[in-house]
Amino acid sequence: MSQLAPSGWYTDETNPELQRWWTGTAWTSATAPGPANRQSPLRFEHLKPEVDKERRRARWAIGGVILSVLMYAVGLLYLLPKLNEQEAMLNQLEPNSAQWNDTASAMFMPALSVLVVMLIAVVTSVITVMWLMQSAKTAGELGIKQRISHGWAFAWFIPLVMLVVPYLMVQDLYAKRSAGRILATTLWVVVISEVVLELVVGHRMMWGIGIKATPVSILFLYILIRAVLWLSVIVSARKHHEALLDGYLSGTTTPVPATTEVSHYPAPLAHTAVGHPVSGVPQ
C-alpha cells in the first residue's frame with residue numbers, strides 16, 4: 001500500500017500555477033500561488049493604514065488601562081473606606097442632630113468623588129473597546145480567522161454577553177497555536193474571577209453590611225493583575241499584527257484562507273516533491 005505524503009503544500013491538480021494544502025490525510029480548500037507566481041507585496045500596502053490606526057489606538061488603550069488602575073486605587077483604597085467609616089459614625093448619631101448633619105455633609109465630597117472615579121472608569125473602558133474593535137478588524141484584514149465581527153466589541157457592556165464575546169475576540173487577535181491565545185485565556189480567567197468578587201463587594205454595599213479591608217484588597221489585586229494582562233495583550237497583539245504585515249510586504253509570508261476539506265483530488269504520495277511557497281499552516 002502506498003504511503004501518503006506528510007502535510008504540506010503540493011502542486012494543485014487542476015492548476016499547476018497554484019499549490020494546495022494537504023493535511024496529511026485530506027486536501028483542503030486553501031490554495032496559494034506557486035513559487036513562480038508569487039503575488040506582489042504591493043497588494044498588501046492597503047493594510048498599512050489599518051495597522052497604523054491600531055498602533056494609535058493601542059497607545060490610548062495603554063493610557064486608559066493605567067488611568068483606570070489609578071482610579072480604582074483611589075476609589076477602593078481611599079474613598080470607599082472613608083465612606084464606610086463616616087457611615088458607621090452616622091449610624092451611631094441621632095438623626096437630624098447638628099453632629100449628624102455635619103457628618104452627612106462631610107460624606108458628600110467622597111461620594112461625589114466615587115461617582116467621578118466610576119465615570120472615568122467607564123471612559124477608559126470605552127477607549128479599550130475602541131482599541132479592541134480596531135485590533136479585531138486589523139486581525140481579520142491580515143488573514144486571521146474571526147469568529148465574531150469586530151463590531152461586537154461593544155458587547156463588553158452587555159451583561160452576561162460580556163463574559164464570552166470579548167474573550168473570543170481577544171483570542172482571535174492571534175493566529176492559531178500562538179502563545180497570545182494562552183495570554184488571552186489567562187486574562188479572561190482573571191476577569192471572570194474579578195467580576196465574581198465585584199458582585200460580592202457590591203452585594204455587601206447594597207445591603208449595608210459594610211466592606212472589610214480584606215475583600216477590597218483582594219479585588220484591587222485582581223484589578224492590578226488584569227491591568228498587567230491587558231497591557232500585555234495590547235502590546236503583543238500590536239506586535240503580532242505588525243510582524244504579519246512586515247512578512248506580507250517582504251513576501252516571506254502570505255495570508256491563507258480558511259480551509260475546508262475537499263475530496264475530489266487524488267492524494268499525494270510520500271515521494272511527491274513538497275513546495276513551501278508560504279510559511280506557516282492554513283488557519
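Author: Let's begin at Ala121, which is buried, with a relative accessible area of 15%. Here buried means under 20% relative accessible area, exposed means over 50%, and partly exposed covers the range in between, using a 1.4 Å probe and protein chains only. Ala121 sits in helix α3; helices (H or I, at least four residues) and strands (E, at least two) are DSSP runs, numbered from the N terminus. Although 51 residues separate Ala121 from Leu70 in sequence, their C-alpha atoms are 9.8 Å apart in space.

Before going on, a word on the ground rules. This is a predicted model, in which local features need pLDDT of at least 70 and side-chain atom pairs count only at pLDDT 80 or more, while totals for chains, interfaces and linings use all residues. Residues are numbered from 1 along each chain as its sequence is written, and side-chain values use heavy atoms, with hydrogens and water left out.

Val116 is in α3 and, at 42% relative accessibility, is partly exposed. Val116 belongs to a nonpolar surface patch with Met109, Leu112, Leu115 and Met118, and together these residues have about 470 Å² of accessible area. A patch takes residues with over 30% relative accessible area and no salt bridge, joining like charges within 9 Å and nonpolar side chains (Val, Leu, Ile, Met, Phe, Trp, Tyr) within 5 Å. The areas come from the Shrake-Rupley method with a 1.4 Å probe, and for residues only the protein chains shown count as cover.

Now for the interior. In soluble globular proteins, nonpolar side chains tend to be buried together. The largest nonpolar core here has 30 residues, of which Trp131, Leu132, Val170, Leu173, Leu187, Trp230 and Val233 touch the most other members. Such a core is a set of buried Ala, Val, Leu, Ile, Met, Phe, Trp, Tyr and Cys residues joined through side-chain atoms within 4.5 Å. Two or more residues come from each of α1 (48-92), α3 (108-141), α4 (165-171), α5 (179-206) and α6 (213-250). The most come from α6, which supplies six. As for Val233, leaving aside residues up to four places away in sequence, this residue touches Trp131, Val170, Leu173, Tyr174, Leu183 and Leu187. A second core, separate and made of nine residues, includes Phe44, Val51, Leu244 and Tyr248.

Next comes the loop between α3 and α4, where Gly151 is found. Gly151 is partly exposed, at 43% relative accessible area, and its C-alpha atom is separated by 10.0 Å from that of Val129, 22 residues away along the chain. Leu160 is in this loop between α3 and α4 as well. Most residues other than glycine have a negative phi. Leu160, however, has a positive phi near 70 degrees, and Leu160 is exposed, with a relative accessible area of 68%.

Arg147 and Asp172 form one, with their closest N and O atoms 3.0 Å apart. Arg147 lies in the loop between α3 and α4 and Asp172 in the loop between α4 and α5, so the pair ties together parts that are 25 residues apart in sequence. Arg147 is partly exposed, at 45% relative accessibility, whereas Asp172 is buried, at 2%. Asp172 also meets Arg181 in a salt bridge of 3.3 Å, N to O, and both of these residues are buried.

Elsewhere, Asp52, Arg55, Arg238 and Glu242 are linked in a network of them. The protein as a whole has six helices and four strands, and 40% of its 283 residues are buried. Among contacts (heavy atoms within 4.5 Å) between residues at least 6 apart in sequence, 67% join residues at least 24 apart.

Note on methods: A salt bridge is a side-chain nitrogen of Lys or Arg within 4 Å of a carboxyl oxygen of Asp or Glu.
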